[in-house]
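Here's a quick tour of one model, taken a piece at a time. Have the structure open as you read.

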2 protein chains.
Amino acid sequence: MTTAHAIADTRHFVRAARQQGRRIGFVPTMGALHQGHLSLMERARRENDAVAISVFVNPTQFGPAEDFDAYPRDLDRDAALAEGVGVDLLFAPRAAAMYPDGATTYVDQAGPIVETLEGAHRPGHFRGVLTVCGKLFHIVEPDRAYFGQKDYQQVAAVAQMVRDLALPIAIVPCPIVREPDGLAMSSRNQHLDADARQQATCIHRGLQAAQACLDAGVSSAAALADVVRQTLLDAGHCTIDYVAIVHPQTLAPVDTVAEPAVALVAAHFGGTRLIDNHLLTPKG
Amino acid sequence: MTTAHAIADTRHFVRAARQQGRRIGFVPTMGALHQGHLSLMERARRENDAVAISVFVNPTQFGPAEDFDAYPRDLDRDAALAEGVGVDLLFAPRAAAMYPDGATTYVDQAGPIVETLEGAHRPGHFRGVLTVCGKLFHIVEPDRAYFGQKDYQQVAAVAQMVRDLALPIAIVPCPIVREPDGLAMSSRNQHLDADARQQATCIHRGLQAAQACLDAGVSSAAALADVVRQTLLDAGHCTIDYVAIVHPQTLAPVDTVAEPAVALVAAHFGGTRLIDNHLLTPKG
């Protein structure tokens, strides 16, 4: 595995691969790799001739009161894990390379995908995500880019960007990877103390309870959201940012779950903010 | 010459060229081609193995009260001119392909390059320019893209975008091409009636008078701008949007022209808005 810090070195590597006719799969990450990330890399490995990943804790997608400084960083550990699943190139740029002095250009979006839920709770977040993804795509020029569905709006926003701006890349959304007790894997899970770690399982329990109620004939989105909310409140010591049930593509709220709809949750557990989601699917 | 209306056909053409190792030069235009455009294509022809141009009157860079509907369009004439200078591919997309229903993503910039002068007089203009150029670059994937310096801020903003977003493209600014009497070539010149056409020569005369005053020892930017402004006013029947003398890179206003500074003009002649500029260069 090659580790590159410079944009020019990364471009050199991927252009050489492309000139050999090799297809490139790309997994952008903020590091602190876990099994969720590794599952993306393994899939990229299966579906492409070369696999590139990036490790960059992108400052522009964090709000001023968020956990940019506390976000876990361990490049040596990340590199070992990536190499273990057959990654060919790890691009770990310095912030000064991604955001040189005087940089003023950004990519942004309008509409519910970026303005509701995470967008409403994290102003500027998706502008930061789209800008850094756009730049990473220009540097790595992948054929396919792999994103985990845990960050549901992120995948939707990036896919929308790729369509709108005609980026020559296929966006591949991949299933959420969970701990045995159902907690969605996240680099932020390592901030949870033992109590909060236990309480946080309520998110997945709540989403599963909503699916069970839907299976049992409850189709009111408000009622299903209340099932999730009540499961979180019962677990105690959590602060809910939102529980929402929305159209899977447009992210517009739905009244009734007659077609598949996505239930999205954001909540704080002992100072750590977690998100998760589940595609509520009515029985056939 | 191949003419393509579909993004997929264009991508197919340029990818085939790249696989043969051919370098692609690109000239984005809004059509109504004149000798200024053709000089860009001729240069692209000399410096690359294949030349692609686009002809697209981009709606998002026109304000609601501007001349989008009146902008001249004649694709057959444009195609004949492009073929005459050796263009290989003419990409003429439909608006629905460039802005499909539900498109919400845009590229924008902050700072004086896009917020002053044209940016102040044409709100949203540069967002439209950057978004369409970003998309065209993703479709055509050129090695080099050629822009005329008449649209001084446009070239600067696009070059800034390419740097900031690490687009793998070299932006090549090219000299303004002028009519024998000095009027900068522009597709909008065809809207001028005989009187306005004659009066419009005052822009270049004013810019040249400023350079002559600088040569004669006048270095005050305010005094040099007044020379331009007075030349325009003396011609009569023109409405000045701005005359400004600014730093060539940052576009910040300068007090004294001790180093090269660019003088920029926008003015209306009989209902037609024209822009022009000149790099004021101190002797020695």
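## The sheet in chain B

B:Ala263 stands opposite B:His278, which sits in strand 10 of chain B. Strand 9 (residues 261–269) of chain B runs antiparallel to strand 10 of chain B, and nine bridges join them. A quick word on terms: helices (H or I, at least four residues) and strands (E, at least two) are DSSP runs, numbered from the N terminus, and two strands pair if DSSP finds at least two bridges between them.

This is a predicted model, where local features need pLDDT of at least 70, side-chain atom pairs count only at pLDDT 80 or more, and totals for chains, interfaces and linings use all residues. Residues are numbered from 1 along each chain as its sequence is written, while chains are lettered from A and ligands numbered from 1 in the order in which they are written.

Zooming out, three strands of chain B make an open sheet in the order 8-9-10, with antiparallel pairing. Strand 8 (238–246) and strand 10 (272–280) of chain B are the edges, each pairing on one side only.

## Helix 7 of chain A

Over in chain A, helix 7 (residues 125–140) has 16 residues and reaches 22 Å from first C-alpha to last, close to the 22 Å expected at 1.5 Å a residue (that is, 1.5 Å times one less than the number of residues). Of its 16 residues, 14 are buried (20 or more other C-beta atoms within 10 Å of the residue's own, with C-beta atoms placed from the backbone), so helix 7 of chain A is largely enclosed by the rest of the structure. Just after this helix, A:Glu141 takes a positive phi of about 45°.

Technical notes
Buried ≥ 20, exposed ≤ 12 C-beta atoms within 10 Å, placed from the backbone.
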